[in-house]
Amino acid sequence: MSLYFEKQKWQQCALHTTNNFLQHAAYTRADFDALCKEELPIIRGRLFSPYKSAIPGIGNYDASVIIVALRLRGFDVQQHDNRKPLTESCCQWPVVGIVVNTIGKLQVVPERLTSKMVRWTRVGDGRHFYCYRRMSFEENGVTNWVLLDSMLAGPVAIGDVKTLVQELEHLRQNDACLYIVKPSASSEDRQDKEQDQNENNIADCNKS
């Protein structure tokens, strides 16, 4: 399976998730730091950014940074209401990705220190981002899904929507947060206009 894949570095799973979903190195850590400063609202009275770790270079960005990063690349991201079951209809076209935020397997710091350290540094909170991606973003393209988790050795084939939903429902029932990713309306309109223009150009060529 030949797919772009970033493996885990420090606590930069949000960055890896975004790039793995976009299938190229669209953003760097410096880019994500800039998004925290320039694209997200300033919280008065906060000494450190609430959107990432206070320790330089660590990362540990929250979902807001992923949402902004994907929006700037032409995607809308909506959090699924975890009070409601996730059904197959929730993952049909135009849904092309699911970002997952779940409790990680590793505890970075001793439990007795976690609450204070997390409050000031956002290190050791035990949360982890990764994503499921539709193999093709085209409506009539390949509908199988793949898991892109930077903590794994590489991409993992999931299969069809039914299998995907079974996995996601298990995660939802275990307190994972799910974020539904779709091409933005403006992005779809732009693609339609480009397709219409291409068809017009072809028609003009055929006339000449």
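The largest cavity holds about 30 Å³ of space. A word on terms: on a 1 Å grid over the protein atoms alone, a cavity is a set of points where a 1.4 Å probe fits but cannot get out, and lining residues have an atom within 4 Å of a point. Grid points are joined across faces, edges and corners, and the volume is the space filled by probe spheres set on the points. The structure has 1 cavity of 30 Å³ or more.

Before going on, the background. This is a predicted model, in which local features need pLDDT of at least 70, side-chain atom pairs count only at pLDDT 80 or more, and totals for chains, interfaces and linings use all residues. Residues are numbered from 1 along each chain as its sequence is written, and side-chain values use heavy atoms, with hydrogens and water left out.

Which residues line the largest cavity? They are Ala 63, Ile 66, Ile 67, Val 77, Val 99, Phe 129 and Tyr 179. By class, that lining has 7 nonpolar, no polar and no charged residues. Here Ala, Val, Leu, Ile, Met, Phe, Trp, Tyr, Cys and Pro count as nonpolar, Asp, Glu, Lys and Arg as charged, and the others, Gly among them, as polar.

Helix 3, residues 63-71, gives the largest share of the lining, 3 residues. Helices (H or I, at least four residues) and strands (E, at least two) are DSSP runs, numbered from the N terminus. In helix 3, the buried residues are Ala 63, Val 65, Ile 66, Val 68, Ala 69 and Leu 70. Buried means under 20% relative accessible area, exposed over 50%, and partly exposed in between, with a 1.4 Å probe and protein chains only.

What do the buried residues of helix 3 pack against? Their partners are helix 1 (13-22), helix 2 (29-38), strand 1 (75-79), strand 2 (97-103), strand 3 (127-134) and strand 6 (177-183). Contact means heavy atoms within 4.5 Å. At the start of helix 3, a side-chain oxygen of Asp 62 comes to within 2.9 Å of the backbone nitrogen of Ser 64.

Now the whole chain. There are 6 helices and 6 strands, and from the N terminus on they run α-α-α-β-β-α-β-β-β-α-β-α. Of the 208 residues, 43% count as buried. Among contacts between residues at least 6 apart in sequence, 68% join residues at least 24 apart.

Next, helix 5, residues 161-172, which contains Glu 169. Is Glu 169 buried or exposed? Glu 169 counts as buried because its relative accessibility is 14%. Leaving out residues up to four places away in sequence, Glu 169 touches Pro 85 and Leu 86.

Last, the loops. Most residues other than glycine have a negative phi, and most peptide bonds are trans. The peptide bond from Trp 93 to Pro 94 is cis, with omega near 15°; Pro 94 sits in the loop between strand 1 and strand 2. Gln 23, in the loop between helix 1 and helix 2, has a positive phi near 65°.

Asp 175 also has a positive phi, of about 70°, and belongs to the loop between helix 5 and strand 6. Asp 175 is exposed, because its relative accessible area is 55%. Between Asp 175 and Asn 82 there are 8.1 Å in space, C-alpha to C-alpha, although they are 93 residues apart in sequence.

Note on methods:
1 Å grid on protein atoms, 1.4 Å probe; cavity = no way out; pocket = protein on both sides within 12 Å on 5 of 7 lines; lining within 4 Å. Polar contact = N/O pair within 3.5 Å; in protein donor to acceptor, adjacent residues only side chain to side chain.
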